[in-house]
Amino acid sequence: MNAFWRNKTNWIKSAHNTKWCLIGCAIGDFGTIAYFQFTPHDLSVLSVMLLAMINGLITSIMLETIILLRDGLDFKHALKTALGMSFISMLAMEIAMNTTDYLLTGGAILTWWVIPIALLAGFLTPWPYNYWRLQKHKKSCH
């Protein structure tokens with residue numbers, strides 16, 4: 001295996017970064033799905049999932065911005081870093097989580113057995129990208 005992929009320290013750091021991204025995405029995504037699951041509405045499954053993805057991206061950016069502010073960055077740089085370094089990761093994560101939910105439930109439905117599977121898919125999908133970005137460009141969110 002190429003030495004590029006063998007840096008254990010960067011795998012751990014990228015996993016930590018991916019974890020924070022996953023927490024932020026899951027809050028907005030699952031919160032939106034839960035809202036529409038328990039509230040009567042006329043939206044299509046696709047519309048609910050798109051709203052869930054948008055809200056997941058927003059909450060992830062907010063959480064990462066707060067973490068970066070606590071690490072000492074000013075607001076402008078914290079927001080720019082949260083948007084620039086992890087947007088691809090967050091988008092991949094959201095697509096993986098919602099695709100998993102749809103494939104397992106047939107809709108935008110939260111069940112206790114689907115949540116851990118969707119979270120695992122959401123974590124594993126962007127993790128190699130986050131590692132690559134950290135390894136090649138020395139860039140991460142936290």
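In the predicted model, a nonpolar surface patch is formed by Val45, Tyr102, Leu103, Leu104, Trp113 and Ile117, which together have about 590 Å² of accessible area. Patches are made of residues with over 30% relative accessible area and no salt bridge, with like charges joined within 9 Å and nonpolar side chains (Val, Leu, Ile, Met, Phe, Trp, Tyr) within 5 Å. A salt bridge is a side-chain nitrogen of Lys or Arg within 4 Å of a carboxyl oxygen of Asp or Glu. Accessible areas were computed by the Shrake-Rupley method with a 1.4 Å probe, and for residues only the protein chains shown count as cover.

Residues are numbered from 1 along each chain as its sequence is written. The model is predicted, and local features need pLDDT of at least 70, side-chain atom pairs count only at pLDDT 80 or more, and totals for chains, interfaces and linings use all residues, while side-chain values use heavy atoms, with hydrogens and water left out.

Helix α3 (residues 75-105) supplies the largest share of the nonpolar patch, three residues; helices are DSSP runs (H or I, at least four residues) numbered from the N terminus. Leu103 lies in helix α3 and is exposed, with a relative accessible area of 65%. Here exposed denotes over 50% relative accessible area, buried under 20%, and partly exposed in between (1.4 Å probe, protein chains only). Leu104, also found in helix α3, is partly exposed at 36%. Beyond its neighbours within four places in sequence, Leu104 is in contact (heavy atoms within 4.5 Å) with Trp113, Val114 and Ile117.

Thr100 in helix α3 is buried, with a relative accessible area of 14%. Sequence neighbours within four places aside, Thr100 contacts Ile117, Ala118 and Ala121. From Thr100 to Leu119, 19 residues apart along the chain, the C-alpha separation is 9.1 Å.

Helix α1 (residues 8-38) packs with helix α2 (residues 45-70) at an angle of about 145°, their axes being 7 Å apart. Axes are lines fitted to C-alpha atoms, for helices over the stretch in contact, and angles run from 0 to 180 degrees between N-to-C directions. The α1 and α2 crossing is right-handed, the near helix being turned clockwise from the far one by less than a right angle. Residues of α1 including Trp20, Ile27 and Phe36 meet residues of α2, among them Val48, Leu51 and Ile67.

Leu43 occupies the loop between α1 and α2 and counts as partly exposed, at 38% relative accessibility. Excluding neighbours within four places in sequence, Leu43 is in contact with Phe36, Val48 and Leu51.

Conventions:
Helix = DSSP H or I, 4+ residues; strand = E, 2+ residues; numbered from the N terminus.
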